[in-house]
Amino acid sequence: MQKLMLNTVWEMRRCGDTQAYHCTVPCSVYDTLMTHGAIESPYYRENERDAFTISEEDYVFSTTFPSPAEPAESVALCFDGIDTIADITLNGELIGHTDNMHRRWRFDVSGKLAEENTLEVRLYSPLAYIAEKQKKKPLWGQKDTVAGFPYLRKAHYMFGWDWGPKLPDLGIWRDVYLELWDAGRVESVRYVQEHIDGTVDLTVRPEFDAAQKGMQWAFALYDPDGVRIIKTELMPASRKALTVRIGNPHLWWAHGYGSPSLYSAVVLLTDKDGNPADSRTERIGLRTVTIRQEPDKYGESFNVCLNGKDIFAMGANWIPADNILPRCTPEKQQQILQSCVDANFNMIRVWGGGFYPDDAFLDFCDENGLLLWQDFMFACANYPSDDAFWNTTEAELKDNILRLRNHACLALWCGNNEIETSFETWGLPERPEAKAEYLEMFEKRIPEIVKELDPEHFYWRSSPSTKGGCENTCAPDAGDMHYWDVWHGRAPATDFRKKFFRFCSEYGFESVPDLHTLMTVCDEEKGDLNLFSPVMEMHHKCDGGSEKMMHYLAQNMRYPENFEELACATQYLQAEYLRSNVEHMRRHRGHCMGSLYWQLNDSNPCISWSTIDYEGKWKAAQYYAKRFHAPVLLSAGMYGVPNFNVSNETLKNFNGTIFWEMRKSDSTIVHCGNIKAEVPALSAKFFKRLDELAIYYTEENCRTHYLSYRLEKPGGEVVSSGVSLLCPPKLFECSKPELRLEMRKLPEHYIITVSSDVFVPAVVLSGKTMDIPFSDNWFPLNAGESVNVYVPKRLDLNLDILRAEVTVRSR
């Protein structure tokens, strides 16, 4: 089979307009207009309002291409993604209509190609479509969105969310190409694994579109080193399955547990004479993965079970990397995903209000051991129940299940985000049939499709959920939990530590992003850098978000002197909140077995719950995540007499020593000790509560003392360390530090050595004009000690530039 790409040399114009703009797939209306300078960035200041109206129009994308040099019996025109409602014409003939951006579309154009061909995609306004539907029969949807969005199988966040703008763009967002074949093609392959006594029986189930009689196929398997270990003889295409045995398999492990080993599996399709017709190569991981749900002393478990081991899931929720889809580039996605690896994640949840990840995203997760909690693309809404909507939804589900099911990273499918719980806890408008329609779709139809196409993977009906049926959806003793009493409910930040969930798949705390990021959308001279300015509130979508931010600042921090200090304070508070929560859950490993905070990244420059901002800059919490996701973590608890705990999230037993010091605010040690720590693999262990330190937790002493601690391996290597204040940060009496930086160059990198004359709860390094990738940041520093921070060498850096660029402050 041949594949001829048609991504280059397109034109876009508004229907009824003669002005045309050149573009290249992936392309969209907003992106094309921005590229040609026809509009300002929709993100700048309050441009979102004007940009929104652009989507009220219809647009045409068109291209021309020659007939393929070699003719073929069968030709298909393929679109991997059209956003969203479109008519497709080829040489003036209507060949198809699209209504779902999450689907792959194939149109048979055999015998329709001319010597020179004109292809047009006429895209219709999504706003006009949903307005007409909503007027006839209103459907409930998340309140920060454009009413009627559930009617259209289009990424929901494009209609707005409580962290994103209303920019319902239109375009061709994934590849366009021709597929040409004569004898036949490989449609799909399903790989089924059975792990038995150190071997793997791998069953290969191909599906062929065989146009000729007598077609044959063969299978080959290559190990992670590229050595072919299995090669079969040709067999008839009518044979639907083949099972081969793999001895001494290299198992695929999630990040932190072992190597994410990948095998290359090849299915070859030939004609009756053995001439190649098509082939498909996929990389697969040999592993078992499911969610273990069993009764226990806490209720019912909800454990990710990988290769027979219950692991503690650590990570965050992924949202699309941009509101303008052509700017969700593989490079941008990879940068964010690499940040997950660098911060010791082992799982990511792909949230259901965005879109299904592309192949580059999935490949990265396969290669780097990032497990995937994959939502189907439904979130916070009621959906139509008519046949037309279900038919396109069913096709969407099948397309994506077939595309994702063989990826080693895929851990589970989830039906939707927060729809089940909305019936119980959100006070939805009374429409009795809505619940019945919901149950039919997410507890009957969708799981039936998963069972048919991918029975090897676990299906979870909704997030959060416990037993289904829209009842008791937030029970702490089973299933997964979304916890928002802190933030939306304005409960004290410390309340999380009173909770014991089986798996917390959403919780979060907002912060202001890096000022360099905000300055791309703000005008300082016009007063935009104010938390309550119209521009800032345009970029802070959370309902009452600024008031909530000030509420928590008042509880915990001293009043910031300027906006830069405000941003710094919010990031510190967010980081400390997430640290406290993750440490709490890891300390109670076995009771809780998963932490996925909200949210990892941003789709636009904004104030949000993210730990990585729109420009890819790490907030304080992302640096904290690198520490609180450490494979072996030492924690002491917060604001109370310390009870040390070591969480060992590795496959090996850990032996080491806990060293601790109670210090005055000038870092003078007033009490110290050590504890031998032997912790079995995949466990968390509490050690003796240090009641002798209670005297320092009195009102008189808590403001002038802090606890420092570290966990060392034999030989002195520190595997985990930290500090705990004995009171809220605003009460702690900390002297103004004199921070010193020394920089030097080594062959592989630069080293910045940071020291201070007094204790600093958090050292903050930044670049004046450049984004500098520090190996560590926002770390505590005892007086008289130093920390080495590494910066990789790159073309735009030298020692003089680094010295001029790097600034340091305390938090």
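**Salt bridges across the chain**

Visitor: Which residue forms a salt bridge with aspartate 296?
Guide: In this predicted model, local features need pLDDT of at least 70 and side-chain atom pairs pLDDT 80 or more, while totals for chains, interfaces and linings use all residues. Residues are numbered from 1 along each chain as its sequence is written, and side-chain values use heavy atoms, without hydrogens and water. A salt bridge (a side-chain nitrogen of Lys or Arg within 4 Å of a carboxyl oxygen of Asp or Glu) has closest N and O atoms 2.7 Å apart here. The partner of aspartate 296 is arginine 502.

Visitor: Is arginine 502 buried or exposed?
Guide: Buried means under 20% relative accessible area, exposed over 50%, and partly exposed in between (1.4 Å probe, protein chains only). Aspartate 296 is partly exposed at 30%. Arginine 502 has 2% relative accessibility, so it counts as buried.

Visitor: How far apart are the closest N and O atoms of glutamate 367 and arginine 283?
Guide: Glutamate 367 in helix H5 and arginine 283 in strand S23 are 84 residues apart. Their salt bridge brings the closest N and O atoms to 2.5 Å.

Visitor: Which residue in strand S49 pairs with glutamate 565?
Guide: Glutamate 565 belongs to helix H12, so the pair ties together parts 244 residues apart. With closest N and O atoms 4.0 Å apart, its partner is arginine 809.

Key. Helix = DSSP H or I, 4+ residues; strand = E, 2+ residues; numbered from the N terminus.
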